Every structure is written in C-alpha cells, then in structure tokens.
Amino acid sequence: MPEPRSRQLGSCLASGGLPGEQILAWAPGVRKGLEPEMPGTLICSNLRVTFQPHGWQRSQETPLSSEYDFSLANIGRLEAVHGPSRVQLLRPGSLLKFIPEEILIHGQDFRLLRVGFEAGGLEPQAFQVTMAIVQARAQNSPAQQYAGITLSQAGQSSDSRKPPIPLLETIEDWETERKKQAARGWRVSTVNERFDVATSLPRYFWVPNRTLDSEVRRAFGHFHQGRGPRLSWQHPGGSDLLRCGGFYTASDPNKEDIRAVESMLQAGHSDVVLVDTMDELPSLADVQLAHLRLRALCLPDSSVAEDKWFSALEGTRWLDYTRSCLRKASDISVLVTSRVRSVVLQERGDRDFNGLLSSLVQLLSAPEARTLLGFQSLVQREWVAAGHPFLTRLGGSGASEECQSS
C-alpha cells in the first residue's frame, strides 16, 4: 500500500528542514512564469514558504534554497488571484474572500514566486495553504525572524549544539570574538549588563584596557542615547575602527569625563581620525524612498516601457546612493589600512550609516568577512547586537504593503 502523500512530504522536508520546523499546510501546484511550467508542491511551515519541484531532493547541508524559499519575514506582499479580474492583497490577519487559482509571493529582496494551483478537487488545499501563509505571517514578527531564523535556528542543529558563530549574548561570546580579532588592547566591559547605560546597546562591548567601567559609564552619558565610543573591528595591521553616537555638546562634561572620552577615542593611538558618516551621504528618508521606487520598478506589473527602464532606474537615485556609500567606505578603508591609527565613525543615532560603513569597510579590508560564517558574524555584531531598529526601518510587513498599495 503506497505511503500517504502528506507523510511522504513530511519526511522529505524533515531531511532538510530547520530545527523546530513544522508543516502547516501544502498543496500541489505549478510554478508559473517558466517555459515549460514547473510542477511541484507549495509548502507553508511555521518558518517559511517553499516551492518544492517534483523530483528535487533537499540537502541537509543546504536546508534553504535561495530560489524557492521565502522566510516569513522576507514576504513583502502576498496576492491571491481568481480569474482575470479578482485580485486580493492579503495582509497578516486577512480573510481570504475566494478560493485562489494562483498566488503571488513578492519577496523583500525583489524575488517573485508565482504558483498556480492544480484543478480537480484540490481547491480546499489551495485555500488552506494560502490561509496558512496569512496566519503564519501574523504569528511571526520580523524581529523574531531576523534573530531566530537567520542566526539561532539556522546555526543550531537538532542536538542543541552551539551555533557556528557567536550570537554575542554572553560575555564568553564577546571574549571569543575579541580573541579572534586579536584585539589585545581591548577588553569586554560589563557596564551595560543591566541596560542602564544604553538600552539600545548590547549588554557587553569592547572598551580600551586602561578605561575603567566607572569612566565608561560617565563618558557614555555625554553621547546620544548613551552610545559612546567602542570597538567595532581591529585591523591586523593595528588600526582600530570605532563607532559612536553624537556628542551632547550641552552636557557640560567635567575634566575627568573629557579625559575618559579622549582616552576611549584614541584607544592607545597618537593619531585619531573622526569621521562624520552623514557627511556627503543621502538622508535616511532619501534612501528609503529610493528603495521603494526601486522595488516598484522591479515588480512584474511595472508600467515602465522596456526602452526607458534604465533611465527609470537612474531616476530612483538608488545607484547614486549606493555609489556614494561605497566611495565613503573606500575612503575610510584607506584611513584604516594606510597607517596605524584610531578611526572613529560618528553618527547621531549610531544605528544606520555607522553600521553600514563599518560593515563595508570590513568587507573591503578583511577577507574573512567575505566568507559565509564571517559575514554572518559581521551582521550579528554590527547590526543585530548593535541595536539596529529593523522594525522601524523596514516598516514590518503591513507597513511595507501600505507603502506599495498607496
């Protein structure tokens, strides 16, 4: 007697699934937009949506496919289609008004998955898998997906072994990362262990060896949101790359505080370069607007004629802004590599362009940052642990859909 299809599907996905992943619904379908069309199965789990072509075997070493898998946080827009005129935009928590003939999944990374469902008594499965995606998106916030799937769940195995990269949640993680960088002149500070110095900074970070935690506490109080100077990366040649928030000029620091701030900025070097990361770069609002325009231009239903597409691309300003950021990062990389010094990146909020430029400098100057594990470690350190406000910058699923549909 043949094995039930649901059991076959479960065992197939389990061999390459993520720890804790559970199938919520599935339906046979056809991936459209191809010649010829590709038959397969659309699967919704509690972590992602994936299209599994017939005959395709999932590898345990590569549980995610960049072409067919969408983490729930990466779904920017979900549409159900029935006939030539009925299209429903499905937000988290929406109720499906009809049985879809096909659904369109738009990724935040511009990918599009278009799946048409097989006819002949399979309509309930099409309805169920679509509603499962809607409900799964509602139950999984973007913050949980970024922290959980990208690093914790993808890095851990079913036997609960430690992930291959430090999540920077413990003092041991920070000490391991410090030793990896061979940052001998730095130590792990516990001054923010209770988040009473800066709520947006991690519990631990690196400060110069000679700086006492009492001095760190006083010095950080003179920076925006308590985000004082701390080490991001030490170049093998000896230079230090630091980042910090804007200085409160009206905070009236005493002489001891000034000396502590100067000592942290110098980090044992006689040469210190302070870089305003907002100088000559677009505003954050300009970058977000350019990104929205770029996404709209890349949608399949874009009204831009093919012969005008490149001029429209230039009109989004996305390439201009990317060029400006790369040029700035290249200049900072020269500062770091040309001689031994302290290079301090300063941005008022210390949560956007500081993270971007610090990351780009390391990608340009550190070969290990261009490996898979090295890049994951970089993202964890410069973005997740550093308190980048993902929800307000990406707007969450609902906010991004509002922007697209307005």
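## Parallel pair β13 and β14

Strand β13 and strand β14 (residues 342–346) run parallel and are joined by five bridges. Two strands count as paired if DSSP finds at least two bridges between them. Helices (H or I, at least four residues) and strands (E, at least two) are DSSP runs, numbered from the N terminus.

Side chains alternate along β13. Buried means under 20% relative accessible area, exposed over 50%, and partly exposed in between (1.4 Å probe, protein chains only). In a regular strand the side chains alternate between the two faces of the sheet.

## Basis of the model

This is a predicted model, in which local features need pLDDT of at least 70 and side-chain atom pairs count only at pLDDT 80 or more, while totals for chains, interfaces and linings use all residues. Residues are numbered from 1 along each chain as its sequence is written, and side-chain values use heavy atoms, with hydrogens and water left out.

The protein has 13 helices and 14 strands. Of its 406 residues, 47% count as buried. Among contacts with a separation of 6 or more, 62% are between residues 24 or more positions apart. Contact means heavy atoms within 4.5 Å.

## The four-stranded sheet

β13 and β14 belong to an open sheet of four strands, in the order β11-β12-β14-β13. The pairing is mixed. β11 and β13 are the edge strands, each pairing on one side only. From one strand to the next, the twist averages 25°. Axes are lines fitted to C-alpha atoms, for helices over the stretch in contact, and angles run from 0 to 180 degrees between N-to-C directions.

β11 and strand β12 (residues 240–244) run antiparallel, joined by four bridges. Arg230 has Arg243 in β12 as its bridge partner. Helix α9 lies across β11, β12, β13 and β14, at about 170° to β13. Arg323 sits in α9 (residues 318–338). Arg323 is partly exposed, at 40% relative accessible area. Arg323 and Leu281 are 42 residues apart in sequence, with 9.9 Å between their C-alpha atoms.

## The eight-stranded sheet

Eight strands form an open sheet, ordered β4-β3-β2-β1-β8-β7-β5-β6, with antiparallel pairing. Its edge strands are β4 (69–71) and β6 (86–89), each pairing on one side only. The twist averages 25° from one strand to the next.

Strand β3 (residues 48–53) pairs with β4 in the antiparallel sense over three bridges. Val49 stands opposite Phe70 in β4. Helix α2 (residues 123–139) packs on this sheet. α2 touches β1 (23–31), β2 (38–45), β3, β5 (75–82), β7 and β8 (112–117). The direction of α2 makes about 125° with that of β1.

## Cavities

The structure holds three cavities of 30 Å³ or more. A cavity is a set of points, on a 1 Å grid over the protein atoms alone, where a 1.4 Å probe fits but cannot get out; lining residues have an atom within 4 Å of a point. Grid points are joined across faces, edges and corners, and a volume is the space filled by probe spheres set on the points.

The largest cavity holds about 100 Å³. Its lining includes Trp174, Phe205, Arg230, Arg243, Arg381 and Glu382. β11 (230–234) and α11 (372–384) are the elements that give two or more residues to this lining. β11 gives the most, with three. By class, the lining has six nonpolar, one polar and four charged residues. Ala, Val, Leu, Ile, Met, Phe, Trp, Tyr, Cys and Pro count as nonpolar, Asp, Glu, Lys and Arg as charged, and the others, Gly among them, as polar.

The second largest cavity has a volume of about 90 Å³. Ten residues line this cavity, and the closest to its centre are His106, Gly107, Phe110, Arg295 and Leu299. β7 (102–107) and α7 (284–298) each supply at least two lining residues. The classes are five nonpolar, three polar and two charged.

## Two alanines with positive phi

Most residues other than glycine have a negative phi. Ala182 has a positive phi, near 55°. Ala182 lies in the loop between α4 (171–181) and β9 (186–189). Ala182 is partly exposed, at 32% relative accessible area.

Ala267 also has a positive phi, near 55°. The loop that holds Ala267 runs between α6 (255–266) and β13 (272–276). Ala267 is buried, with a relative accessible area of 14%.

Definitions and conventions: 1 Å grid on protein atoms, 1.4 Å probe; cavity = no way out; pocket = protein on both sides within 12 Å on 5 of 7 lines; lining within 4 Å.
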